[in-house]
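Subject: Structure for your review

Dear colleague,

Please find below the structure that I am handing over to you, together with its sequence. My findings follow directly after it.

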Amino acid sequence: MRILLKSFGGKFTMKPEIVVALDFDNLDAAKKIVESADDAVSWYKVGLELFVADGQKVIEYLKLKEKKIFLDLKFHDIPNTVVGAVMSSLKYETDMVNVHTQGGPEMMRTTVDKINEYCLKNSVKKPLMIGVTLLTSLDESYLELNQIGFKTSREYVIHLAKTARESGMDGVVSSAQETPFIKDVVGKDFITVTPGIRPKTASVDDQKRVVTPKDAKDMGTDFIVIGRPVTKSADPKKAAMEIQEEMC
């Protein structure tokens, strides 16, 4: 039996929810996917490429279509700069925003405190605050090369997740492979957003720590981020529905 996840607006949806990555450089390409996927997809990720190209327009379009938005800009700078950037993003009324956990606990804690204070004072909807741990394009060789101090990516990700939780973050971006360990150590209610998801028949492309949608579901993740398997499909709606079926 699949687990129900309480989403925004009080409705219940299946866990994990699919977040389709709109990794394009223009609004028209993004529109084509959203319109093709129709009601099979509720969440979309707007990353650096699309945001720099057509950020405000694409967000306005997604809101018009009543879609949920994950603003994936991975803010990483000194605390004051990250606070200012996340505060500025509130005008878009997105549903999820992320920062790099490697920016440190002071950066995360200061940002969370300022966002909570502002949203409460101004009756503004607070986005989920998510910390990026270790990018799924990186593995143990990265840790060894940079002398991070952890023997495995799992140990490092759990360390970053604990730091994020202690700093007031709502969850983290991590590989689904780390999800069970994060939930065990940090808490079942701590959200995990997992990229690097590939259906059984898809290529892994430039990802290293990848799992299938069914694996991600069994590991207990809350959101799975999927790009090319949906956006490069001849039928995005069918592709998204097949991914949902694969998780049953």
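Leaving aside residues up to four places away in sequence, L62 touches L22, V34, Y44, V46, K67 and I69. A second, separate core, made up of 13 residues, includes W43, M96, I130 and V132. The largest nonpolar core holds 57 residues, and those touching the most other members are L22, Y44, V58, L62, V86, V99 and I224. In soluble globular proteins, nonpolar side chains tend to be buried together. Please bear in mind throughout that this is a predicted model.

The overall fold

The protein chain contains 10 helices and 10 strands. Eight of the strands, written here in barrel order, close into a barrel with parallel pairing: β3-β4-β5-β6-β7-β8-β9-β10. From one strand to the next, the twist averages 25 degrees. Strands of a sheet pair through backbone hydrogen bonds, either parallel or antiparallel.

The protein chain has 248 residues, of which 50% count as buried. Its accessible surface comes to about 12,100 Å², and carbon and sulfur atoms contribute 50% of that area. Among contacts in the protein chain with a separation of 6 or more, 67% are between residues 24 or more positions apart.

Where the barrel closes

Strand β3 covers residues 17-21 and strand β10 covers residues 223-226; the two pair in the parallel sense over 4 bridges. Within this pairing, F223 in β10 is the bridge partner of E17. Likewise, V19 stands opposite V225, and V20 has I226 as its bridge partner.

On its other pairing, β10 is joined by 2 bridges to strand β9 (residues 191-194), and these strands run parallel. Here V193 stands opposite F223.

Are the faces of β10 covered or open? Both are covered. F223 and V225 on one side are buried, as are I224 and I226 on the other.

Strand β3 and its link to β4

All 5 of the 5 residues of β3 are buried, so this strand is largely enclosed by the rest of the structure. E17, V19 and A21 lie on one side, with I18 and V20 on the other, and both faces are covered. Strands β3 and β4 run parallel and are joined by 3 bridges. V19 has W43 as its bridge partner in β4, and V19 also stands opposite V225 in β10. W43 is one of the residues in the second core.

Lysine 45

I would also draw your attention to K45, which lies in strand β4 (residues 43-47). Is K45 buried or exposed? Its relative accessible area is 10%, and buried means under 20%, so K45 counts as buried. The side chains of K45 and D72 are joined by a polar contact of 3.0 Å.

Not counting residues up to four places away in sequence, K45 touches V19, V20, A21, L22, D23, F70, D72 and V225. Among them, V19, V20 and A21 fall within the buried faces of β3, V225 is buried in β10, and L22 belongs to the largest nonpolar core.

With kind regards

Terms used:
Residues are numbered from 1 along each chain as its sequence is written. This is a predicted model: local features need pLDDT of at least 70, side-chain atom pairs count only at pLDDT 80 or more; totals for chains, interfaces and linings use all residues. Side-chain values use heavy atoms; hydrogens and water are left out. Buried means under 20% relative accessible area, exposed over 50%, partly exposed in between (1.4 Å probe, protein chains only). A polar contact is a pair of N or O atoms within 3.5 Å; within protein, one must be able to donate a hydrogen and the other to accept it, and residues adjacent in sequence count only if both atoms are side-chain atoms. Contact means heavy atoms within 4.5 Å. Two strands pair if DSSP finds at least two bridges between them. Axes are lines fitted to C-alpha atoms, for helices over the stretch in contact, and angles run from 0 to 180 degrees between N-to-C directions. Accessible areas come from the Shrake-Rupley method with a 1.4 Å probe; for residues, only the protein chains shown count as cover. A nonpolar core is a set of buried Ala, Val, Leu, Ile, Met, Phe, Trp, Tyr and Cys residues joined through side-chain atoms within 4.5 Å.
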